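Student: Please take one part of this model and go through it closely. I would like the packing and the contacts in one connected account.

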Amino acid sequence: MKTLAPDEKVATVMVYTHNLFVRGEIVIQENLRASIWLRTQSILNYLHLWKPNVLLFGGSQPRSFSYAEMFIPTSDMLAYHLAPPAQDPPDYDPSESNRAMQKVDILAGFFVLRGNIRVSTHSDLNTNLDASHSGWLSVYDTDITNLYLTQFNMHVPMLMVNPARVSFGVA
């Protein structure tokens, strides 16, 4: 790992693509919140991870790999969050009027994310998704499972998804 500058910090994150699940460390500016970092202007074309542990899906059984460093194209990323138990405060004001939580299932590669997104109370989910022009959407109070690893079950208070790369289901 590189030597940190005085204004940098390390955060452990989890990243999901169509065929990868990666847990590794990122180096970001001290004043940034790692949980919503992908929304900032400082994100590059590749997410640079240090000491990543990788699960590769695509065959009959997932395969695991470890590297010193890994570079994942941000355009391939489906979801991203801080590795538990780390968490940041919510990125919204709970007292904001005309907003509600909408329960959704999000299909992200081989993962199912069951959580809540904040939507306007004046429109439906379709309109909310179409009106959102953000490259990353926050999802709250989420349970994550994997279709091929039945023992995989994780809960995170907040994660980010790329709404253009995942599918949303409503029960």
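Tutor: What follows looks at strand β1, the segment before it and the cores. The model is predicted.

Start with glutamate 8. This residue lies in strand β1. Its relative accessible area is 16%, and buried means under 20%, so glutamate 8 counts as buried. Its side chain reaches the backbone nitrogen of alanine 5 at 2.9 Å. Setting aside neighbours within four places in sequence, glutamate 8 contacts Lys2, Thr3, Val27, Ile28, Gln29 and Glu30.

Now the segment before β1. Methionine 1 sits there. Together with Leu4 and Val10, Met1 makes a nonpolar surface patch of about 240 Å².

Next, the interior. In soluble globular proteins, nonpolar side chains tend to be buried together. Here the largest nonpolar core has 25 residues. Those with the most contacts inside it are Tyr16, Phe21, Phe111, Leu113, Ile144, Met154 and Val161. Two or more residues come from each of β1 (8-16), β7 (99-108), β8 (111-120), β9 (137-146) and β10 (153-161). A second, separate core holds 24 residues, including Ala11, Ile36, Leu47 and Met158.

Finish with tyrosine 16. Not counting residues up to four places away in sequence, tyrosine 16 touches Phe21, Phe111, Ile144 and Met154, among others. Its contacts also include Asp76, Met77, Leu78, Ala79, Tyr80 and His81.

Definitions and conventions. Residues numbered from 1 in each chain as written. Predicted model: local features only at pLDDT ≥ 70, side-chain atom pairs only at ≥ 80, totals over all residues. Heavy atoms only, no water. Core = buried A, V, L, I, M, F, W, Y, C linked by side-chain atoms within 4.5 Å. Buried < 20%, exposed > 50% of the residue type's maximum accessible area, 1.4 Å probe, protein only. Helix = DSSP H or I, 4+ residues; strand = E, 2+ residues; numbered from the N terminus. Contact = heavy atoms within 4.5 Å. Polar contact = N/O pair within 3.5 Å; in protein donor to acceptor, adjacent residues only side chain to side chain. Patch = residues over 30% accessible without salt bridge, like charges linked within 9 Å, V, L, I, M, F, W, Y side chains within 5 Å. Areas by Shrake-Rupley, 256 points an atom, 1.4 Å probe, with all protein chains shown as cover. Salt bridge = Lys/Arg side-chain N within 4 Å of Asp/Glu carboxyl O.
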